[in-house]
Amino acid sequence: MKTTTPHLSKSRFQTGRQCHKRMWLELHRRDLVAWSDAAQARFDEGTHFGELARELLGGGLLIDAEHFLPQQAQTQTSAALSKTANEIPMLFEPAFEHEGVRIRADALQRLPQGERLIEVKSATSVKDEYLWDCAIQTWVMRGAGRPVTEIRLGHIDNGFVLTREGDYAGLLKQADITAEVENLLPTVTAIVDELKAVAAGPEPSIATGPHCFHPYDCPFQDYCRAKEPPAPDYPIEDLPYAGKLIDELHEAGYADLRDIPPARLYNQRHHRIAQAARSGEAYIAPQLREELAAISYPRHYLDFETISFAVPRWLGTRPFQQIPFQFSCHVEQADGQLEHRAFLDLSGASPIAAFADALLTACGNDGPILVWNQGFEASRIRDLATFLPDRADALLALNERMIDLLPIYRAHYYHRDMHGSWSIKAVLPTIAPELDYGELDIGDGDSAQVAWRRAVSPETGDAERETLRRNLLAYCERDTLAMVRLAKV
Ligand code: SF4
């Protein structure tokens, strides 16, 4: 552990605002940071957009000293700023320091009337935390003598559609947030002083809670949870959509669902969840069997896996559009005969047309299409219909045949081990534990996306790609096999 008080930075200011302990751990125990592969993929997307944004801003001088060499970066910045604005009108990644806080700005534009700070985010709108990002940067830059007169947020325009290969003009949108940031600036000095005291002190004692996820997922959750007493087997957080009620119950001293007097719960679903926790018996309404039995044959159990990009990769697509690259379809006849059909595109080229054709073939013309959470698959099919007008009627006809198993289960089934969730991965182990996802190398949608990105990367060798292909096929197949099983309970 270092003995001197470390410098603060833009990101430490932000994490310190989220949780003093998080900032302290980032400064003193970086070895404990645990980012998931999915989080890393999101960071990589942000970096990609940031690099593209420099081109979209018209180019400029990049201060290229590494982030772990702040003095070198500041020296390069001073040298660049000693030239006239005509010579260097735009700087990327300039480095500044004020009162022990170091920052690297995404972009600094030098204008006749002053300087414009541009913060770039791979998001589609202005969020509160971005205003604070800009507030600490403005505080440092003005403190370092820069005449910052205008502050902008460069973000993604979600109305952008890629219509020409490599042409991203229009993807970057700028919002003037000067007034909002000016409103925050008077409070920055006090926050910096407070965070400096935290940085110089011992590890803060802070319990985990909702702040561990907002505005950003904290990478120290394993560390913090390991030091806390184990949560009850059926915590009150299992109650869905109950933020205010959960706060009230905590204030009243309740932590375990089984201890809550029924009179403190107000809706039927919460009563059902608490009762299942107390009794240990699943709630199964007779309508579950009736509604499932009423579904006709041949049944098509369908599930999609999708990928999205901040910077659209394929013609006709929008930022963050969910594009399906894989499906699994089990077709079940009335006599129980089961056939599996699947599609997976790992070419890296647009999977859209091939996916749609394979889907139409797999689903045929007759029989219900069973999904878990219809909104997702139905939206993807509507997107496909927009992409492929010549197949739109056939694609939209699939949505007419869709039956959603999720609301049937939500209305008529609950087991306490679902912990307040009706996701298929929560329901399945309570009915068919033998189909557990734990035995698979890919166990959730995030991991499937990470695997897809890895598989299409030119750096991935054939053997690894083949392994990823098998793992992806096995995962998606499990999702539809799970539905086959759940439709028979
Ligand atoms: S897990 Fe929660 S309590 Fe622990 S450092 Fe992160 S935000 Fe703070």
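Reply: Start with the shell. Around the ligand are Cys19, Lys21, Arg22, Ile206, Ala207, His211, Cys212, Cys218, Phe220, Gln221 and Cys224; a residue is near a molecule if one of its heavy atoms lies within 4 Å of it. This is a predicted model, where local features need pLDDT of at least 70, side-chain atom pairs count only at pLDDT 80 or more, and totals for chains, interfaces and linings use all residues. Residues are numbered from 1 along each chain as its sequence is written, and side-chain values use heavy atoms, with hydrogens and water left out.

The shell divides into seven nonpolar, two polar and two charged residues. Here Ala, Val, Leu, Ile, Met, Phe, Trp, Tyr, Cys and Pro count as nonpolar, Asp, Glu, Lys and Arg as charged, and the others, Gly among them, as polar. Helices α2 (20-28) and α8 (221-226) each supply at least two shell residues. Helices are DSSP runs (H or I, at least four residues), numbered from the N terminus.

Now the helix α7, residues 188-200. Its 13 residues, at 1.5 Å a residue, should span 18 Å, and its end C-alpha atoms are 18 Å apart, which agrees. The expected span is 1.5 Å times one less than the number of residues. Val188, Ile191, Val192, Leu195, Val198 and Ala199 of α7 are buried (under 20% relative accessible area; exposed is over 50%, partly exposed in between, with a 1.4 Å probe and protein chains only). Seen down the axis, the buried residues of α7 fall within an arc of 120°, so they line one face. The arc is that of the directions from the helix axis to the C-beta atoms. Exposed Ala190, Ala197 and Ala200 sit on the face of α7 turned away from its buried side.
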